[in-house]
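Please examine the sequence and the structure shown below. The briefing that follows is grouped by topic.

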Amino acid sequence: MKNIIKLTDLHKIYEGGTHALKGVNLEVKEGEFLILLGLSGSGKSTLLRCMNRLIEPTSGEIEIDEENVITAKGKRLRKIRRHIGMIFQQFNLLKNLSALTNVLSGKLGYVSLWHSVTFSMHKNDVAIAMSNLQRVGLEQFAKNKARNLSGGQQQRVAIARALMQNPRVIFADEPVASLDPATADSVMRYLGELNKNDNITILCSLHFLSLARKYGTRVVALKDGNIVFDGTPKEIDEQKFKDIYGEDAEEVEIR
Amino acid sequence: MKKKNRTLEFIQAIATDLLFWIYIFGCLYYLMHKWTGFTAKLTFIGIAALLATIIFQLIRGSIGVKLFLSSGKPKRSVLKSLWGYLILLSLVVTFVVGLNIVEVDFYKFFTKFQNAGGIASGIFDPSVTGYSLSAESINELEKDDLPPDVINTLKGIQNRKYSTRKVFLNDLQKRLGESTLQEYKSTILKSAEKNTKLLNIALSALAETIFLALLATVFAIPFAFVLSFFAARNLMPRTWLGNIVYLVIRTIATIFRSIEAIVWAIIFSVWVGIGPFAGMLALMVHSVAALTKLYSEQIENIDTGPVEAIKATGASTLQTWIYAVIPQIVSPFLAFTIYRWDINVRMATIVGFVGGGGIGLLLLQQQQLLRWHNVGLLIWLIAFVVWVMDMVSARVREKLIGI
């Protein structure tokens, strides 16, 4: 299997002087479900956002799907971004727009400026958006405003929005951190399904080891901007867990 | 390096003290001059201030020392809190000078109320529809050479209100007799009718005011809308061009906003002539500046999450603004716009006073003619409209924000 993501010596130093990433080297193979572990502030979010340049990395190389992300500008950067779906902890939907419009906004990288100015989406795109809503089981909520949906439903709309992009990769930044355990599992199940059926590579940061074991094919752990573990979920024993989360940490089981 | 800082601190301390004493002695001189007619050359104030500065620097008890020379300790502990007393002194002096400059006169306030009797009676007894003879119109009739006994009879029904022409004429017939009434009927009716026309004029002037406020708001929206995006810190890139655009728009908006609408009205009434158009332009300029500020602050307060999400889909900057920014700001923008219309209706009255047309102009005319009952009517009308606008806009805003 070929590499879809290749990071070389990636650094990010914030304006205030925080050194969030200290030379990350990472290769991700196509079709992997990679779980990012690590404490809050360990650099998980920074890493995910550097990879599609929502945050500008300070130095290093990023290659996604054989495209050099670092040197990309303007139109080329947007072309790279439109193949990378992104899912956020706070769902980041437009709360007073309908679920359908939110899903359609995933297509913005493809449509002309004129079509987006007039909010007139192609009929074909609407059909695709509806089928994507159906995939996450929300077709009956298409006309509902996002703010009237529950947290789990909002996250599923966000997944449908990412699907709209025809993504090769999905970055999920703590997608279940604001959801209850049962809903969290269902959201992860949808992600797992995309990974298996559509062969979408997924990088997902998490805090729950149980979910990591259930859905992940590989686990990478960050600590203070460095990779401290890289292996299969099964390899994480108690000692490894304490290496990642510190000596005082106890694994919390959610079931 | 350290020595340089000491020098700077010393200069700052001296300058502060000098300004402080120039102010104190200036105020004292003003009061002495006002009360006793005492005059002196202004250089004496300077010299006195300089002396005071030197003395207070030497005993190290001044405000400048407290502010800038933290290391310098007063020679005696009594002087430690001297700076506090100096500030108290300056506050007292400022207050006394203020009372003098504003010509505060409580005696006048409590004893001269009868001067406002005309306007007070106008407010409590405004001229309304129907037929009535005001003191002014009876005076006019007197000038029209009506016989004194008729005038006296008319004075007996001064300000009495009749709902219809028929009731009015019936009462006149009883008081004057059929033949006298027929003789002077048309003259009296003319005067009486003149008075009743006011409500119609007032209502049309009121409509003028409301519509000029509305147009000023509507015309201000597109300008403010476009400008606000460039005046929003979170949308402007932090490049030199972005910073310049942001600063220029913000500065101009602030300057235009700090010039009152009434000043703009003076400018525009010279430019396009007295009338509602001048008033509209004045309110519009002020509204553009005010709305730009309100709008851009609203943009700065949006949830950045959706912006990030839309950007991540590969959308261009403009697409991101359209899909992630605008949906978040539509309802607060509408709320602010309605609020602005509400403010503009209130300001339109004032703007009318200096040539902006509408009910303000009418009010000014009636006030200058000393027709206090008409002024009373206009004041009630304005109050009513402002009250309704205020209530409606509050309701609508509540609904919009609460979506």
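**Strand pairing in chain A**

In chain A, strand β7 (residues 169-173) runs parallel to strand β8 (residues 201-205), and five bridges join the two. Here helices (H or I, at least four residues) and strands (E, at least two) are DSSP runs numbered from the N terminus, and two strands pair if DSSP finds at least two bridges between them. This is a predicted model, in which local features need pLDDT of at least 70 and side-chain atom pairs count only at pLDDT 80 or more, whereas totals for chains, interfaces and linings use all residues. Residues are numbered from 1 along each chain as its sequence is written, chains are lettered from A and ligands numbered from 1 in the order in which they are written, and side-chain values use heavy atoms, with hydrogens and water left out.

**The six-stranded sheet**

- Ala172(A) stands opposite Cys204(A), which lies in β8(A).
- Strands β7 and β8 belong to an open sheet of six strands in chain A, with mixed pairing and the order β6-β7-β8-β3-β9-β10.
- At the edges of this sheet are β6 (84-87) and β10 (226-231) of chain A, each pairing on one side only.
- Neighbouring strands of the sheet are turned by 15° against each other on average, direction ignored; the axes are lines fitted to C-alpha atoms, and angles run from 0 to 180 degrees between N-to-C directions.

**The hairpin**

- Strands β1 (residues 3-13) and β2 (residues 19-29) of chain A pair in the antiparallel sense over eight bridges.
- Leu10(A) has Val24(A) in β2(A) as its bridge partner.
- Five residues lie between β1(A) and β2(A) in this hairpin, and Gly17(A) in the turn has a positive phi of about 105°.

**Overall form of chain A**

- Chain A contains nine helices and ten strands.
- The C-alpha atoms of chain A fill a box of roughly 55 × 45 × 40 Å along the principal axes.

**Domains of chain B**

- Chain B is divided into domain 1 (2-104), domain 2 (126-196) and domain 3 (197-401), with bounds from an automatic or database domain assignment.
- The centres of domain 2 and domain 3 of chain B, taken over C-alpha atoms, are separated by 46 Å.

**Lining of the largest pocket**

- Elements that give two or more residues to the lining of the largest pocket are α2 (74-81) of chain A together with α14 (304-312) and α15 (317-356) of chain B; a pocket is an open set of points on a 1 Å grid over the protein atoms alone, where a 1.4 Å probe fits, with protein on both sides within 12 Å along at least five of seven lines, and lining residues have an atom within 4 Å of a point.
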